[in-house]
Amino acid sequence: MIFDLAHPSQLMQAFGPDLLLMAGAMVLMLWAAWRPESNEHQRAVGMASLVLIAATMALCFWYSMRGLSSTQGIIAVDNFRWAVDIICLLGAAGAIALGMEYNAREHILPAESHVLVLFATSGMMVLAAARDLMIVFLGIELMSVAIYVLAGLNRRSAKSAEGSLKYFLLGAFATGFLLYGIALVYGATGSTSLVEISRRTAGQALLLNPMMLVGTGLLVIGFGFKIAAAPFHMWAPDVYEGAPTPITAFMATAVKAAAFATFLRVWVEAMPGMGAAWLGPIWWLAVAAMFIGNVVALSQRNLKRLLAYSSIAHSGYLLVAVAEGTTRGATAFLFYLVAYTLASFGAFAVVIMVGREGDANNDLVDYEGLWHVRPALALAMGVFMLSLMGFPVFGGVGFFGKWYLLTAAINAPRPLIVLAVVLVMTSVVSAGYYLNVIRLMFMKARPDGAPVPERAGGLTRSVVFIAAAAVLILGIVPGRLINWSRDSVPRTQQMEAAAANAVH
Amino acid sequence: MQPNQFHSLVYEFAFYFFGLTAIASAIAFVTRKSPVAAAMWLVNVMFCLAGLYVMLDAQFIATMQVLVYTGAIMVVFLFVIMLLNLGHPSDLADARGKWGYIMALFVGLALLAEVMVLNRSNAIERLIPPDLAAKAAAAAAAPLAGGIIGPVAAPLFKEYLLAFELTSVLLLAAIVGAVVLGKRRTNAR
């Protein structure tokens with residue numbers, strides 16, 4: 001079925017899963033505010049949010065299986081959108097599941113916290129769908145506004161407030177860059193539609209137009225901030241450390257996935273003709289993120305900060321895929337995103353389980369000898385660390401993720417050999433801190449008097465278990481995930497035309 | 001005196017009245033020491049600009065200017081000023097000491113020179129692709145369908161309907177967030 005986006009009713013249908021989530025979030029918002037704050041109410045709203053997410057995910061699957069498409073308009077109806085939606089919804093489900101138990105421990109009682117996660121997720125779904133810079137902007141803002149608040153949710157913690165304020169101020173500043181970039185691109189092309197921009201920039205028509213060049217540069221800065229790529233990463237460690245851990249996990253995975261997805265869509269769909277202009281900046285961003293993220297992570301003593309720098313490094317790896325700007329790069333990108341989301345989420349869930357009330361016990365010292373007191377937890381953490389590192393077999397799907405990134409980089413039409421070399425070298429550096437965590441857990445004795453991590457609730461444990469199982473299983477049979485990624489890449493005008501010709 | 005002449009005289013008078021008042025208020029706005037007085041002068045600037053918009057036949061923008069800027073934004077400014085209870089004005093000055101003033105003067109003059117140069121040359125026009133410029137000129141010359149607000153309303157509820165609705169969701173999320181952060185904890189430990 002082909003949606004005609006010019007008709008409001010068909011536009012509404014094409015926007016179905018997003019509308020379901022938004023409407024559900026509004027109903028839950030009313031319910032959350034209806035009763036006084038209590039732990040039971042918070043849990044109930046959390047459960048209802050999980051049900052809503054499951055329903056939205058089912059709707060996304062249903063849409064993706066019907067082979068829908070649309071006329072060219074302000075939103076896209078393609079598999080890339082559903083793929084990113086599903087990744088973001090998975091992240092949201094994990095964040096709410098972890099949050100229900102974490103919030104009880106930390107006495108964060110407002111039930112609205114789950115509703116804000118839902119709002120942020122609807123912003124991500126808008127981003128995944130956006131085919132117009134105006135919608136991109138609204139999606140980014142909807143996502144960010146909710147996350148600014150979520151980062152500062154723990155009002156007993158000064159770090160949480162600091163992180164939230166830093167994120168808000170720098171985020172607002174970065175939004176200015178993004179908006180100015182959009183305005184200049186509009187000035188140079190006369191449109192905010194990605195389709196129209198690609199038409200006007202086709203054949204390098206505007207490659208030397210100063211307004212277009214400055215606009216493209218500002219867009220790179222705006223997106224670079226949202227994906228926490230060096231040198232726009234300064235906020236990330238403080239915010240990741242201060243935010244409640246489930247929200248940190250949400251930011252490191254779903255927020256990053258959505259921002260990256262729209263970044264990729266804008267470059268691949270709207271600006272293939274500007275490739276010569278944006279390739280250079282993105283190349284350097286990738287190198288800087290991989291280098292700074294991995295090297296600074298080596299000196300971290302707090303596991304949340306360590307994972308924050310690790311996530312900066314992973315932004316660098318993903319930028320390698322964006323720099324390719326090819327279908328193959330996009331396939332590797334989606335595959336890697338899934339692998340990274342699973343491992344990263346699992347690692348943060350373990351951080352919650354080892355941590356104690358007051359967001360304490362997040363230092364590397366607290367992981368010494370974990371194997372002797374909580375062997376299953378130590379094993380799961382080992383799997384996540386190896387997966388983030390890209391270790392074969394025991395690292396599961398993480399290894400294949402890096403492998404596809406590398407092969408895509410080397411086989412690109414303009415081979416990115418240097419980037420591939422940097423990727424491998426910095427991955428070796430990353431072993432220095434990932435393996436260090438494993439060394440501490442398995443090869444050190446548990447210090448005397450170190451508290452044994454409390455038994456976490458069922459939801460947290462199941463998040464860890466599901467993430468670990470998925471990492472290992474997809475590491476053994478990655479075929480389906482590869483096919484799914486390959487079917488879900490964004491298509492440029494030329495590619496769509498070629499596909500249409502092939503059919504007729 | 002011909003009615004036409006009289007009309008243009010009134011027009012000219014109104015233009016100078018609003019323009020000069022706006023400039024004078026803007027100067028008062030940046031020189032007042034008290035934040036509340038400065039904010040009130042800014043309200044005056046906004047009103048004068050609204051008057052100028054009416055003279056340009058942009059009544060809708062004039063209304064929005066009064067409703068949004070003077071009505072909503074400036075009231076929030078005043079709230080913030082009162083809630084924050086800012087300290088002594090001299091502690092809040094942006095430019096401090098001799099070098100601060102010299103730098104401020106230099107930047108101000110540079111910006112003024114930039115405006116004058118750009119106004120004289122067609123540097124900005126040359127940045128815009130010619131076919132786009134022609135399209136924009138044709139659109140500006142075409143008669144307005146649906147009165148003054150037609151050209152605003154029609155795209156807002158047709159072409160940009162989705163963006164319009166998404167904006168309301170964005171604002172809702174922002175309100176919920178503000179309430180969550182600002183609410184007094186009843187059963188906090």
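**Figure 1. Where chain B meets chain A.** The contact draws 30 residues from chain A and 20 residues from chain B; two residues are in contact if their C-beta atoms, placed from the backbone, lie within 7 Å. On the side of chain B that touches chain A, helix H6 (130-141) and helix H8 (161-182) of chain B each put in at least two residues. H8(B) gives the largest share of that side, with 13 residues. Helices here are DSSP runs of H or I with at least four residues, strands are runs of E with at least two, and both are numbered from the N terminus. By residue type, the side of chain B that touches chain A splits into 14 nonpolar, 4 polar and 2 charged. Nonpolar means Ala, Val, Leu, Ile, Met, Phe, Trp, Tyr, Cys and Pro, charged means Asp, Glu, Lys and Arg, and the others, Gly among them, are polar.

A quick note on what you're looking at: this is a predicted model, where local features need pLDDT of at least 70 and side-chain atom pairs count only at pLDDT 80 or more, while totals for chains, interfaces and linings use all residues. Residues are numbered from 1 along each chain as its sequence is written, and chains are lettered from A and ligands numbered from 1 in the order in which they are written.

Figure 2. Of its 189 residues, 8% are buried, that is, with 20 or more other C-beta atoms within 10 Å of their own; 12 or fewer makes a residue exposed, and anything in between is partly exposed, with C-beta atoms placed from the backbone. Among the contacts in chain B with a separation of 6 or more, 44% pair residues 24 or more positions apart. Have a look at the loop between helix H2 (35-55) and helix H3 (59-84) of chain B, where B:Asp57 sits. B:Asp57 is not a glycine, yet its phi is positive, at about 65°. B:Asp57 counts as exposed because it has 11 C-beta neighbours inside 10 Å.

**Figure 3. Chain A as a whole.** Chain A holds 21 helices and 2 strands. Its radius of gyration is 22 Å, close to the 23 Å from the globule rule for 504 residues, so chain A is as compact as a globular protein of that length. The radius is taken over C-alpha atoms, and the rule is 2.2 Å times the number of residues to the power 0.38. Along the principal axes, the C-alpha atoms of chain A fill a box of roughly 70 × 55 × 40 Å. Buried residues come to 61% of the 504 in chain A. Of the contacts in chain A with a separation of 6 or more, 80% are between residues 24 or more positions apart.

**Figure 4. The nonpolar cores.** A nonpolar core is a set of buried Ala, Val, Leu, Ile, Met, Phe, Trp, Tyr and Cys residues joined through C-beta atoms within 7 Å. The largest one has 209 residues, and A:Ala258 and A:Tyr336 touch the most other members. Helix H14 (residues 327-354) of chain A supplies the largest share of this core, 21 residues. Beyond its neighbours within four places in sequence, A:Tyr336 is in contact with A:Tyr317, A:Leu318, A:Ala321, A:Gly401, A:Tyr404 and A:Leu405. There's also a second, separate core of 7 residues, including B:Val45, B:Met46, B:Leu49 and B:Ala50.

**Figure 5. H14 against H16 in chain A.** H14(A) and helix H16 (residues 375-389) of chain A pack at an angle of about 145°, their axes 9 Å apart. The axes are lines fitted to C-alpha atoms over the stretch in contact, and angles run from 0 to 180 degrees between N-to-C directions. The crossing of H14(A) with H16(A) is left-handed, meaning the near helix is turned anticlockwise from the far one by less than a right angle. Among the residues of H14(A) that meet H16(A) are A:Ala339, A:Ala343 and A:Gly346. The contact of H14(A) with H16(A) has 10 nonpolar residues, 3 polar and no charged.

Figure 6. A:Gly222 is part of helix H9 (residues 210-226) of chain A. A:Gly222 is buried because it has 25 C-beta neighbours inside 10 Å. Not counting residues up to four places away in sequence, A:Gly222 touches A:Ala174, A:Phe177, A:Leu178 and A:Gly181. In the loop between H9 and H10 of chain A you'll find A:Ala228, whose phi is near 60°, positive in a residue other than glycine. A:Ala228 is buried, with 27 other C-beta atoms within 10 Å. A:Pro231 lies in the loop between H9 and helix H10 (235-242) of chain A, and a cis peptide bond joins A:Ala230 to A:Pro231, with omega about 0°.
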